[in-house]
Protein chains: 2
Amino acid sequence: MQYNYRNVTIKDGFWKKMEDLNSKVTVNAVYDRFYETGRIDAFKFDWKEGEDKQPHFFWDSDVAKWMEGAAYILSREDRPDLEEKIERLIDDIEKNQCEDGYFNIYFTVVKPEARWSCRNWHELYCAGHLMEAACAYYDVTGRDRFLRAMEKYADYIAKVFVEERSAAFTTPGHEEIELALYRMYKTTGKQKYFELCRFFLENRGAPDNTEEDILESPYYAQNHLPIREQKEAFGHSVRAVYLYSGMADLALETGDEKLKEACIALFDNITTKKMYVTGGIGSAYRGETFTVAYDLPNASAYAETCASIGLMFFAQRMIALDPENSAKYADAIELEMYNGMLSGISLDGDKFFYENPLEIYLAERHRIDMLNYTERWPITQRPKVFGCSCCPPNLVRLLSSMGNYLYSYDEKSGEVYINQFAESVYENGDVKVSVSTNYPYDSTLKVKTNVPVRVRIPAWCHGFGGKNTYTKIENGYACFDAGEFEIGFLMKPELVASSVNVVRNLGKAALRYGPVIYCAEAKDNEGGVHKLYIDSEKVEDAKVSFSEELGRSVIDCEGYYRVDEKSGKLYAPYSLKFEKTNIRMIPYHCFANRGECDMLVYLNVK
Amino acid sequence: MQYNYRNVTIKDGFWKKMEDLNSKVTVNAVYDRFYETGRIDAFKFDWKEGEDKQPHFFWDSDVAKWMEGAAYILSREDRPDLEEKIERLIDDIEKNQCEDGYFNIYFTVVKPEARWSCRNWHELYCAGHLMEAACAYYDVTGRDRFLRAMEKYADYIAKVFVEERSAAFTTPGHEEIELALYRMYKTTGKQKYFELCRFFLENRGAPDNTEEDILESPYYAQNHLPIREQKEAFGHSVRAVYLYSGMADLALETGDEKLKEACIALFDNITTKKMYVTGGIGSAYRGETFTVAYDLPNASAYAETCASIGLMFFAQRMIALDPENSAKYADAIELEMYNGMLSGISLDGDKFFYENPLEIYLAERHRIDMLNYTERWPITQRPKVFGCSCCPPNLVRLLSSMGNYLYSYDEKSGEVYINQFAESVYENGDVKVSVSTNYPYDSTLKVKTNVPVRVRIPAWCHGFGGKNTYTKIENGYACFDAGEFEIGFLMKPELVASSVNVVRNLGKAALRYGPVIYCAEAKDNEGGVHKLYIDSEKVEDAKVSFSEELGRSVIDCEGYYRVDEKSGKLYAPYSLKFEKTNIRMIPYHCFANRGECDMLVYLNVK
């Protein structure tokens, strides 16, 4: 099962707009912020003790992700500005790479004595991101000096970790290099990188590996068990999904059934026990972690943008590893595309959320202000810049490679899988598939193909129709022969409830319209959102319209506003007094674009 | 308006059992714990640096409250054991009181150089409790050496604070001495104690008083405004209600209308904006404080036992200060008597809650265990002993003086107010009123009286009947002439909802039966309590029965248990699937007497 963004051209519609926003605004904004904060100049390796803008130990990775994203943009656009920036960075990398192959800003200019001494200082994580960027740049441009530098670095890492075992730890404290080494292997064809990838994966949580835990917990960095025995997602959620992505790469490469089973179990555990309705994962601020099953608090939801992106990476690999269930993985990707991942970026493309809460209730946040103490809550507005800036460049590289997720090609059967829907063309040698659609505003796809195709039937849809007939339904896909056809998914506003085990959401529901989860903002709902009740029997008739302000479909639902009896009493015999009201819902990913206000995904239901 | 527990004899029933439990178990258990922890021997003033059991700066107050409670018991019972213990403590107090009148263990044996140097170290608070104990012991025994010692101390305090102004602060960091000085004034007849009481009250938050805030907040110790301008309850809840009690004493004594208005505003603010349905106040652990209006989280509820007791003190004074509204104050007292205060003590009388949560959800507490980190939650079981041990002796003195709350006597009209209901007799000179009742299990009162009486019609009741007719209803009381009569309040299980402004409780309700708030414990409800829905239309028909295990009425309600569709999915189209079930409810004050388990006051309602 192959996929490659370079086989895909997005022509128009929602994702063309996002691609353009990224290449016109986001990629520049992120670079500018990185420049202002010293991240770019840090690659000159000339920082001196006492100067400001001291390099941080994860800065290499921030810039590497940006380089990777910029490289993807170069595959479609003539962008001498980006090319120049990348080339200058590669100059610096070549110039400042150590003789032995080592490359890390922090551990060369700030703390050289500490090289490979602390497992939690992201050295291998930074290396991994640089390797991914090098592969991407080589793929797009054919120029190999960045890739050669990273090969040299990877060779050196193999020497230190495998041959000499001279580092103070065996496996990275923050996983990433595993999937990056697999990519190095696929890009260069060199088996040694696959072996190094395998080394890091097989040693994680291995019984004879007694290396230190991070945050004093074996769970935090998925150290608690060997990889094949991990069946429940634990610990830092970004680390986790990066690890699972590497595991899926290894399982695909080796055909290891036990490892594949672990990957499936982990994916299912996340998506059936530990994922928000928006696709957000990692519910706890403390450690940015997965917690226990069904622990999905809304107002304090951490749900890091990078974790949503990481889940897309993992799911994409699972499509290849477990193709007969590919629909469920593609469903998860779709959920992230329109919700948990997408809420990470502002509508104007230059502001970002690290955390993505499902509720903002400002009154509650002020509860103990009088002691000059504020509880810890997710921020309510996307800032332009923040210290730990992993998410913005992660969005840059994701939004510039969305083609990866639209199609996959089964080289055995010769079929093309249409996994995600956008006005686009897939071309791979003689194979050509074109899709015309205004998805997600409209769910009709017009398809023209010269090979048999399979169209994912989205999990949210309760039926579909079209002008031509499918040959069969299999594994969540409608199968069509070569030719032209149309298919339309039944799309109506619908209430979605979480499992009753999420007891804080009992009696509440989220509104879904196609793949998009909606929320209510106080901005649109006079009197606030917390006392609103959506009328479950009228949801089908809710009015969908296009908002010029947001550039998105908004939904007006019939509902009610709970009011008190006039007594003014704090406690009174139970009664339900409602006033009819309209409830305006907007796509969740659009929240917090018009100033700070209360927001709710899960509304009360009447 | 007079009240005095010594005019009241509780003969039988609920409060006789509590009185007996206190005098047979609690008063001894608290003394024993105080002895074991060194609090008793600390009065010998022989602790030396390096020894264990170093006296804490609030230990004087713990023991003083115990002495006060033990004194009340002596008023009814021949208890040479208690008398001996009190006398030995008074020996120590006399022996170790400083020449100048000062008495404080910590600031004599541990940190003598720090006398009157730190506002937050409870010196005046300890002094106040000692004075209250001295008054109580003098009232009961007529022996005055404790009272004389405390007069000497009070005189010294007046010298330091008023004449010399030599202390590092002007008003106490923890209020208590204000109401204690008022009591000294009433007990000794000496105006100077009233003046000192007034001094501390008038200087609190005064514009020219620039003394330090505690916890860096003017709100914490009610320093933010002069007393007459305080209209919203803020800060540490126990401090607050002790202050407001002193304010009510001052307003009563002086007839100061503006101060009376402030007292009424504060009482109304608490009971209509910041009080749990159980009577618990001070919802935040951080600073043990009142927070903003309607901020009443259930699982993290602080609701300190001492704060509930303090609210009873405040409300009792308000009955005298604002007699035409006395029913509302007596209602608040009743709420505490059967709920918020009473949950502070175990059914067997020797274990105590400092905090009184309205919900226990163990699953949520385990959410980030894997990082060896536990969020801060109220404890789930009453321990026998704890470091900050203010609540246990506060319960001892309260439960031994319950007569204070049953009756008040209006000397002007010659009427007796029956405020709370117990099998009891009120005798005051020629005035004699006797009440026969099995309240709160049954709501019928049989009354025999030789003066006109007023019977409070409880706020929870929706009607009443009886064998004799009242002459009129006035200010929430049914008025009767001298003679014999019977009155019965309509008492049915009923759902109580909080204001819609408490948005976390929307769609939920508490169960009330007469004055008693009920809760559901997982112990009685297979499958846990969080997925239960009580059937609002069947509550009236709920079955009340007596539980031998708890010695209380329990209630079986018709209800439902929410179950998921069989899909096992985390998210599915909104639907409500219920299974019928019985819901066993127990009095809230009985929770956590049978081992740790989930508990809920606010159940979902269908």
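**Exercise 1. Find how chain B is laid on chain A, and which C-alpha of chain B is nearest the axis**.

Solution. Superpose the copies by least squares on the C-alpha atoms of residues with pLDDT of at least 70 in both. In chain B, the C-alpha of B:Gly507 is nearest the axis, at 3.8 Å. Now check the contact residues (contact: heavy atoms within 4.5 Å). Of those in chain B, 100% recur in chain A, so both copies use the same surface.

This is a predicted model: local features need pLDDT of at least 70, side-chain atom pairs count only at pLDDT 80 or more, and totals for chains, interfaces and linings use all residues. Residues are numbered from 1 along each chain as its sequence is written, chains are lettered from A and ligands numbered from 1 in the order written, and side-chain values use heavy atoms, without hydrogens and water.

**Exercise 2. Locate the largest nonpolar core**.

Solution. Look for buried (under 20% relative accessible area, 1.4 Å probe, protein chains only) Ala, Val, Leu, Ile, Met, Phe, Trp, Tyr and Cys residues joined through side-chain atoms within 4.5 Å. The largest such core has 214 residues. A:Trp15, A:Trp66, A:Trp116 and A:Ile157 have the most contacts inside it. Helix α5 (residues 123-141) of chain A, a DSSP run of H or I with at least four residues, gives the most, with 12 residues. Another core, of 213 residues, lies apart; B:Phe146 is among them.

**Exercise 3. Which strands of chain B does β22(B) pair with?**

Solution. Strands are DSSP runs of E, at least two residues, and pairing takes at least two bridges. Strand β20 (residues 552-562) joins β22 (residues 578-587) antiparallel through 8 bridges. There, B:Tyr561 stands opposite B:Glu579. Strand β17 (residues 516-521) also runs antiparallel to β22(B), with 2 bridges. B:Tyr518 has B:Pro587 as its bridge partner.

Terms used:
Buried < 20%, exposed > 50% of the residue type's maximum accessible area, 1.4 Å probe, protein only.
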